[in-house]
Amino acid sequence: MQSREEVAPILLFNDECGVCRFIASWVKTSALARSGVASIDVRPIGQNPEELRTLNQGLNIWDAYATIHLLMPDGSMKLGGEAVAGVLRRLPSTRWFSWAFGINVFGVRPFQAVLNLAYTILADVRPVFGCESCGEPSPWVRPIRWIVRWVASPFHWRHQQGPSRHFTSLPVKGRASEIPHR
Amino acid sequence: MSGNKTIDRIQTVTARTFDRSVLKGEGPIVVEFMSYGCAHCGVIEPDLQQAAKIVESAEKIFRVNIATDRELADIYEIHGTPTLIMFLNGKVVGRDEGPSPVLSNILALIREPYE
C-alpha cells in the first residue's frame with residue numbers, strides 16, 4: 001500500500017483524441033518504475049463532471065478537455081506546459097533533464113517557456129493529425145491542415161465534412177455507436 | 001467554459017429520464033446532443049448557458065451526452081455534435097447541427113421553431 005507521501009499525481013488525458021491517447025500510453029509505460037509502482041496515475045477524463053470533481057473540487061470537465069491537467073497529491077493542479085514539466089519530472093527516463101525547467105534567469109524560466117510554447121503548438125496541431133473532437137484549428141494551423149488533406153486525398157483518405165465548421169462529425173459507420181463507451 | 005463558479009442551467013437527461021423530461025414535458029423543450037470531449041460543444045457551452053438563462057421562463061434546455069447515451073443518439077440520428085433538437089409536446093419541430101457559437105444565433109435558433 002502506498003503511503004500518503006507516495007501517492008502519484010493524476011494525469012488526465014482526452015481519450016477522444018488519438019494524439020493524446022498515444023502520449024498517454026507512452027507516459028503510462030514510462031511511469032512504471034522498476035519497482036512496478038507507477039510514478040504517475042494516467043486516467044482518461046471520461047464523461048462524468050461529478051466524478052471528476054471528486055478528484056479535485058476545482059476541476060471543471062470542459063477545462064479538463066481544453067488543457068492538460070496534472071492533479072497533484074497536495075490538492076493543487078498544474079496545467080498546460082507546467083503539467084508537462086510535472087510529468088517529465090516524475091518519469092524515470094526524463095527526470096534527468098527536467099531540472100532545467102526550474103532554471104530562473106531574472107524572473108524568467110527559459111526552458112519552461114520553450115516547453116509552454118511546445119505544448120501550445122502540439123495542442124494546436126492535433127486537428128491536423130485527425131483529432132475531429134479537438135475542434136476548429138487555430139488560424140495558423142488551417143493552411144497546414146489543408147495541405148495535409150490535399151496530400152492525403154490521392155491515398156483515399158477522405159475527411160468527413162460536417163454541415164457546419166462548428167460541428168464534430170461522428171464516424172459514418174454506426175454513428176453514435178462508434179463512440180468508445182466508458 | 002461553464003466554469004465551476006457558475007450555475008449549470010442545462011439539466012442532463014439520460015435514456016431513463018428522456019421520456020419523462022422531454023417527450024412528456026410541457027411546452028417548448030430544446031435538447032442539445034453533445035459530448036464533453038467535443039471541443040465545439042465546449043465553445044458553444046457559455047452561450048447556451050446564457051441562452052438558457054434568457055429563455056428559462058418560456059423554454060427548457062436539456063443536454064444528452066451521446067458518449068454515454070448512444071441509444072438516444074441513434075434514435076434521433078445524431079451525425080455529430082453539437083446538435084440541437086427542438087421539441088414541442090413530444091414532437092420534433094426543429095433541428096440544427098453545429099450552430100455558430102454566438103448568443104444571438106443560438107437564441108434565434110431555439111426560438112424560431114416556436115414562433
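In chain B of this predicted model, strand E2 and strand E5 (residues 83-88) pair in the antiparallel sense over 6 bridges. Across this pairing, B:Val30 stands opposite B:Met86 of E5(B). B:Val30 has B:Ile61 as its bridge partner in E3(B). B:Val31 is bridged to B:Phe62 of E3(B). Strands of a sheet are joined through backbone hydrogen bonds, in either the parallel or the antiparallel sense.

These strands belong to an open sheet of 5 strands in chain B, ordered E1-E3-E2-E5-E6. The pairing within the sheet is mixed. Strand E1 (11-12) and strand E6 (91-97) of chain B stand at the edges. Each has a single partner strand, so one side of each is left without a neighbour in the sheet.

E2(B) is largely enclosed by the rest of the structure, because 7 of its 7 residues are buried. In a regular strand, side chains alternate between the two faces of the sheet. In E2(B), B:Pro28, B:Val30, B:Glu32 and B:Met34 point one way. B:Ile29, B:Val31 and B:Phe33 point the other way. All are buried, B:Glu32 included.

Two local backbone features in chain B follow. A cis peptide bond joins B:Thr81 and B:Pro82, with omega about -5 degrees. B:Pro82 lies in the loop between E4 and E5 of chain B. B:Asn89 is found in the loop between E5 and E6 of chain B. Its phi is near 50 degrees, a positive value in a residue other than glycine. B:Asn89 is exposed, because 12 other C-beta atoms lie within 10 Å. Chain B averages a pLDDT of 92, and 95% of the residues score at least 70.

Chain A has 6 helices and 5 strands. Along the sequence, these elements follow the pattern β-α-β-α-α-β-β-α-α-α-β. Of the 182 residues in chain A, 26% are buried. Among contacts in chain A between residues at least 6 apart in sequence, 45% join residues at least 24 apart.

Helix H1 (residues 18-31) of chain A has 14 residues. From its first C-alpha to its last, H1(A) reaches 20 Å, close to the 20 Å expected at 1.5 Å a residue. Buried positions in H1(A) are A:Cys20, A:Ala24, A:Val27 and A:Ala31. Seen down the helix axis, the buried residues of H1(A) fall within an arc of 60 degrees, so they line one face of the helix. An α-helix has 3.6 residues a turn, so residues three or four places apart point the same way. The buried residues of H1(A) pack against strand E1 (10-13), strand E2 (41-44) and H4 of chain A. On the other side of H1(A), A:Phe22, A:Ser25 and A:Thr29 are exposed.

The loop between helix H4 (80-90) and helix H5 (110-125) of chain A holds A:Trp99. A:Trp99 is exposed, because 10 other C-beta atoms lie within 10 Å. The C-alpha atoms of A:Trp99 and A:Arg89 are separated by 7.4 Å, and the two residues are 10 apart along the chain. A:Phe106 also lies in the loop between H4 and H5 of chain A. Phi of A:Phe106 is near 50 degrees, a positive value in a residue other than glycine. A:Phe106 is exposed, because 4 other C-beta atoms lie within 10 Å.

The contact between the chains takes 26 residues from chain A and 28 residues from chain B. Helix H3 (61-66) and strand E5 (168-169) of chain A each supply at least two residues of the side of chain A that touches chain B. H3(A) gives the most to this side, with 5 residues. By class, the side of chain A that touches chain B has 10 nonpolar, 12 polar and 4 charged residues. The chains are also linked by strand pairing: E5(A) and strand E4 (residues 80-81) of chain B pair in the antiparallel sense over 2 bridges. Within this pairing, A:Thr168 stands opposite B:Thr81 of E4(B). B:Thr81 is also one of the two residues joined by the cis peptide bond. For the model, ipTM is 0.84 and pTM is 0.82.

Terms used
Residues numbered from 1 in each chain as written. Chains lettered and ligands numbered in written order. Predicted model: local features only at pLDDT ≥ 70, side-chain atom pairs only at ≥ 80, totals over all residues. Contact = placed C-beta atoms within 7 Å. Helix = DSSP H or I, 4+ residues; strand = E, 2+ residues; numbered from the N terminus. Nonpolar A, V, L, I, M, F, W, Y, C, P; charged D, E, K, R; others polar. Pairing = 2+ DSSP bridges. Buried ≥ 20, exposed ≤ 12 C-beta atoms within 10 Å, placed from the backbone. Expected span 1.5 Å × (residues − 1). Arc of directions from axis to C-beta. pLDDT = per-residue confidence, 0-100.
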